[in-house]
Amino acid sequence: ILLGDKKKGMWLIHLHHVISVGCFGAGLFLHRMQFFGSFAGICEISIIPLNNKFLYRDFGIKKGILYKINLLMLALLWITTRLMIFPLWLYVFFSDVYNFPYYKDASVFEIVIYPITIVILWILSIKWFE
């Protein structure tokens, strides 16, 4: 899949999914920080109008009210569920880790890799929003 993709930047999409699935899986395996996985997963709501946009593109439909409504929904959801949620996620994560003794048992992997993953996803979301 990765090597056969001719579209520019598709390797970033694949990489971001591998990293995200790894973090989600670690949360499930370790039975910790599952809230943060669910919180980050809110961003996937924006994929619905994104997939619709790709369908419109593939079928050559780039006009009409439904197309315009879909683009508006995509922009609104992208801003609210990616560009705004990820910084909020970081704030809540570090506030909880710092203020609650429950997280003293968290591994370095959880404390370091989870936020790095969110920062990477945020940067990719900003780049893809262009």
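Met 33 lies in the loop between α1 and α2; helices here are DSSP runs of H or I with at least four residues, strands are runs of E with at least two, and numbering starts at the N terminus. I start with this residue, then move to the helix pairs.

A word on the source. This is a predicted model, in which local features need pLDDT of at least 70 and side-chain atom pairs count only at pLDDT 80 or more, while totals for chains, interfaces and linings use all residues. Residues are numbered from 1 along each chain as its sequence is written, and side-chain values use heavy atoms, with hydrogens and water left out.

Met 33 has a positive phi of about 55°, although it is not a glycine. Most residues other than glycine have a negative phi. Met 33 is also buried, at a relative accessible area of 6%. Buried means under 20% relative accessible area, exposed means over 50%, and partly exposed is in between, with a 1.4 Å probe and protein chains only.

Now the chain as a whole. The secondary structure comes to six helices and zero strands. The C-alpha trace spans about 55 × 35 × 20 Å along its principal axes. Of the 130 residues, 33% count as buried. Contact means heavy atoms within 4.5 Å. Among contacts with a separation of 6 or more, 75% come from residues 24 or more positions apart.

Which residues have the most contacts inside the largest nonpolar core? They are Met 33, Phe 36, Phe 86, Trp 89, Phe 93, Tyr 114 and Ile 118, in a core of 17 residues. Such a core is a set of buried Ala, Val, Leu, Ile, Met, Phe, Trp, Tyr and Cys residues joined through side-chain atoms within 4.5 Å. The elements giving two or more residues to this core are α1 (10-30), α2 (34-41), α5 and α6. α5 gives the most, with five residues. Trp 89 touches Phe 36, Phe 39, Ala 40, Tyr 114, Pro 115 and Ile 118, leaving aside residues up to four places away in sequence.

Next, α5 and α6. Helix α5 covers residues 85-99 and helix α6 covers residues 108-129; they pack at about 165°, with axes 9 Å apart. Axes are lines fitted to C-alpha atoms, for helices over the stretch in contact, and angles run from 0 to 180 degrees between N-to-C directions. The two helices are therefore roughly antiparallel. On the cut-offs, under 35 degrees counts as roughly parallel, over 145 as roughly antiparallel, 65 to 115 as roughly perpendicular, and the rest as oblique. Residues of α5 in this contact include Trp 89, Phe 93 and Val 97, and those of α6 include Tyr 114, Ile 118 and Trp 122.

What about α4 and α5? The axes of α4 (residues 65-83) and α5 come within 4 Å and cross at roughly 15°. α4 and α5 are therefore roughly parallel to each other. Thr 80, Thr 81, Arg 82 and Leu 83 of α4 make the contact with Ile 85, Phe 86 and Pro 87 of α5.

Last, a proline. Pro 49 lies in helix α3 (residues 47-58). Is Pro 49 buried or exposed? Pro 49 is buried, with a relative accessible area of 4%. Leaving out residues up to four places away in sequence, Pro 49 touches Asn 70, Met 73, Leu 74 and Leu 77. Pro 49 and Leu 77 are 28 residues apart in sequence, and 8.5 Å apart in space, C-alpha to C-alpha.
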